[in-house]
Amino acid sequence: MANVSIGTHPHEIPINQLLGKQAFQDRPAVEPCAIMHHLHDDTSSSTNGGRLTQIGSSWEHIKMGLVMYDNHGAYEKSTGQYTVPRTGVYLCHIGANIYVKNVRDNSGTVIQFMVQLNGSDYKRAYAQKNFIPNPEPTSNADWWYADINIHVPCRKGDILRFISLNNSNGGTHYIDDDSNGTYSEMVFLKVS
Amino acid sequence: MATNIGTNPQDIPLNQYLGEQAFLDYPAAKPCMLAHQINQDSTYPGSQDNKISSIEIVQFGDVRYDNYGAYDKSTGEYTVPMKGVYMIHVAGNLGIDSPGSWIQIWAYLNGNQYKRAYLNKEIQNGTWYYSDVNIYVPCEKGDILTLRAQAAGGAFWWDDDGKYSEKVIRMVT
């Protein structure tokens, strides 16, 4: 970008030198955003980071290891935590194909996701009978595509993360993964 | 904020030329409101306290963010503070003890129907159903947006301990 000055010699003022380019960009700075995908078999944590095991009756942290975008370096793939870089409202999103194993009953709340703010529960998203055909299936495996969107007002430095558990009797689920990460995404995005 | 460069008589009032925006480090936060459904009406008046059957405005009373003060929780109306495209979003756990044939979730613009979302067969075999609805509405400043809902032949409610159900109206561009 060319220098922008106000006035003419000898009162010329090199505004960019004084204020930096940002002040004169036509477009606003991009908002903080991180996009992660889930990779198959990332036991080789040097490349992918914390692969999820099957999620059962205790809460598990959602960790997706393939970072597609993270303009503030705010996501830590070993923990699944996003450290909020600027105060505002953040969208926490999961779009994922979920493998549901040994869930035979179609009563009760089966799959639970939760966004935690600084380690405390903030908001849930549920799957109950969404993915179970009626009448109940005879096989022990099913698939459900989850699209979860939760908004959280945050201060700079707050920590966001997703957790999940399976509340059925003996059932488990996990987030689908292939070698290219095309099945499942997790996003943290500042929206206001 | 007054920012000047130079001294009299070469004083240049830059803000008058450029506006304050030019000197913010970051873009201004876009208009956004966020409210949760809470079951304590005395603490959070405005939360839905009845089951929805015929069409009505959905009011979540625990307002957690409203950076333009544009949301009136007593009416559920959001008065658009700035021209743009707005998203109306509601994500929550629906209690359905008498499922009818469908549920409609509406975006209304200035009191008129704009766009509806449906829940159909997915509500038929359960007493609870989690749904996530997103509708986009182009608006002028001063327009009034409301989230409304109705159920055909049944009734439902959004679950309400403050961690189940959220309503968001926000500018996206």
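Predicted model: local features only at pLDDT ≥ 70, side-chain atom pairs only at ≥ 80, totals over all residues.
**Confidence.** I checked the scores before anything else. The model has ipTM 0.81 and pTM 0.82. For chain B I noted a mean pLDDT of 85. In that chain, 79% of residues reach 70 or more.

**B:Gln104.** I looked up where this residue sits. B:Gln104 belongs to strand S9 of chain B, which covers residues 102-109. Is B:Gln104 buried or exposed? I count B:Gln104 as buried, because its relative accessibility is 3%, and the cut-off for buried is under 20%.

Next I looked up its side-chain partners. The side chain of B:Gln104 makes a polar contact of 2.7 Å with that of B:Tyr118. Another polar contact, of 2.8 Å, links the side chains of B:Gln104 and B:Trp106.

I then listed contacts, leaving aside neighbours within four places in sequence. B:Gln104 touches B:Arg116, B:Ala117 and B:Tyr118, and also B:Arg148, B:Ala149 and B:Gln150.

**Second largest pocket.** I turned to the second largest pocket and took its volume. The space in it is about 220 Å³. I found 17 residues in its lining. Nearest the centre lie A:Asp147, B:Tyr129, B:Tyr130, B:Ser131 and B:Asp132.

Which strand gives the most to this lining? I found that S11(B) does, with 6 residues. Strand S11 of chain B spans 128-139. From chain A, strands S10 (120-127) and S11 (141-154) each supply at least two lining residues.

Last, I sorted the lining of this pocket by residue class. I noted 11 nonpolar, 4 polar and 2 charged residues.

Notes: Residues numbered from 1 in each chain as written. Chains lettered and ligands numbered in written order. Heavy atoms only, no water. pLDDT = per-residue confidence, 0-100. Helix = DSSP H or I, 4+ residues; strand = E, 2+ residues; numbered from the N terminus. Buried < 20%, exposed > 50% of the residue type's maximum accessible area, 1.4 Å probe, protein only. Polar contact = N/O pair within 3.5 Å; in protein donor to acceptor, adjacent residues only side chain to side chain. Contact = heavy atoms within 4.5 Å. 1 Å grid on protein atoms, 1.4 Å probe; cavity = no way out; pocket = protein on both sides within 12 Å on 5 of 7 lines; lining within 4 Å. Points joined across faces, edges and corners; volume = space filled by probe spheres on them. Nonpolar A, V, L, I, M, F, W, Y, C, P; charged D, E, K, R; others polar.
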